[in-house]
2 protein chains.
Amino acid sequence: MAPIQTTVDPAVRVANRTEGYDRKLEHVLAAGARVMAREGYGLSTMRKVAREADMSLSGLYHYFASKEELLFLVQYHTFDSILRRLNDRLEQVTDPRERLREMVTNHLEHFLARMDELKVCASDMETLTCDYYEQVRALRQRYLRITLGIVESICERATGPRVDPWLATLYLFGMLNWIYMWYPAVEGATAEELGDQILTLFLEGYLPRKE
Amino acid sequence: MAPIQTTVDPAVRVANRTEGYDRKLEHVLAAGARVMAREGYGLSTMRKVAREADMSLSGLYHYFASKEELLFLVQYHTFDSILRRLNDRLEQVTDPRERLREMVTNHLEHFLARMDELKVCASDMETLTCDYYEQVRALRQRYLRITLGIVESICERATGPRVDPWLATLYLFGMLNWIYMWYPAVEGATAEELGDQILTLFLEGYLPRKE
DNA sequence: TTTGTATTCGAACGAACGTTCGAACGAAAG
DNA sequence: CTTTCGTTCGAACGTTCGTTCGAATACAAA
């Protein structure tokens, strides 16, 4: 019985030589994500990343080959992590609306815990080139496809949905991902609270229920 | 009777010396918006803007003082234009739901006609500093406030809304502004079509109406 | 034509960028 | 001790950046 196929991280280069290597790699990626989330990819510099990570400039290059690869690693690890956890969660739930709740909560939990990484994934989506771009794009497409499947299944048994499922899914991602533009204004809210509001708004709309 | 106060463009420097000046300024701003939308502010260079505008590098500086001011002018003119037109449209409509439709349609028409500018406003929102930042922020806040007022008024006479109006407004902007991430996929859609879908989804939700 | 002003541009400046490289460090193995 | 190898870093490289400046051009007024 083959387990559900998950992504294989191409960033595992030769091998995890030491245990400390992975820990430090994460430390460096987190520093890179903080800088890039704050300044954007183009205005980020390796010197700022080095300062943020408490390392020397040249020391960074032991963990990635170029600035673009740093961006790639941040984005890849983030999507990979979200997808893995989403698959775990969805295994245990079959009801479509509960599955959508799992997806939204999973997304928001990642958001609140690692906002820098999500911001880098969202705002520098088109910056990567060639193979780097294709690899991240593949993960993004998988994520979108899974969510689209859930949205489609919600209206299967009833009359057709009010809005095309494909567009509705994109609008749902709009609601979810735009949060990083204003989240500091409601800091303290939990993923469950925000998730409930988004789910209610998405499924039933803003207007009060008619009697 | 004073007319409704509109924004006064601080970019009108000494005066519009010639009529050709304004036309060329717009030409330069459009070129800057194209480059910045394509590459992001940080990776944009004055040399790329010059090439896009068919001018020399140093010739650009006759129309703005610095790269940051170019970004400011693009953002300021865009918000100013959206706000002006929105105020015009809202003057003739009183029904809350029709007012919301005007807001959504106005936003989408700007989006489809000048996607580069909107993208620059959205993705490089936090790049400006000091006075530049405050001036654009003031316009953005006014835009948000107007929309929030409409959203609040929609449920005034009925039972309370399902979702806090403030959050609902932010989610609405999320749906509207996220479009630039995927719009090429549905190129050809009109502002009315997209607006109808967003309005329906926002007001009544994705689920079919219960009987 | 002559004068004055608005506009354009080639060339160049210093600063900051991403990246490289060889030496030095630390700890575990022989 | 010596050797080995993963890791770190200071110094420097060539390039490209934003910006400046003085000269050249276009064009309207006198």
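**Close-up 1. Residues around DNA strand D in the predicted model.** In this predicted model, DNA strand D is surrounded by 20 residues, and the closest of them are Ser58(A), Gly59(A), Thr45(B), Ser58(B) and Ser66(B). At least two residues of the surface near DNA strand D are supplied by each of two helices, α1 (19–39) of chain A and α2 (46–53) of chain B. The largest share of this surface comes from α1(A), which contributes 3 residues. Sorted by class, the residues of the surface near DNA strand D are 10 polar, 6 nonpolar and 4 charged.

**Close-up 2. Residues around DNA strand C.** Around DNA strand C there are 19 residues, of which Thr45(A), Ser58(A), Ser66(A), Ser58(B) and Gly59(B) are the closest.

**Close-up 3. The relation between chain A and chain B.** Chain B is superposed on chain A by a rotation of 180°, with 0.0 Å of shift along the axis and an RMSD of 0.0 Å. The two copies are therefore related as by a two-fold rotation axis. Of the interface residues of chain B, 100% are also interface residues in chain A, so the copies meet through the same surface.

Technical notes: Residues numbered from 1 in each chain as written. Chains lettered and ligands numbered in written order. Predicted model: local features only at pLDDT ≥ 70, side-chain atom pairs only at ≥ 80, totals over all residues. Near = placed C-beta within 6 Å. Least-squares fit on C-alpha atoms with pLDDT ≥ 70 in both. Contact = placed C-beta atoms within 7 Å. Helix = DSSP H or I, 4+ residues; strand = E, 2+ residues; numbered from the N terminus. Nonpolar A, V, L, I, M, F, W, Y, C, P; charged D, E, K, R; others polar.
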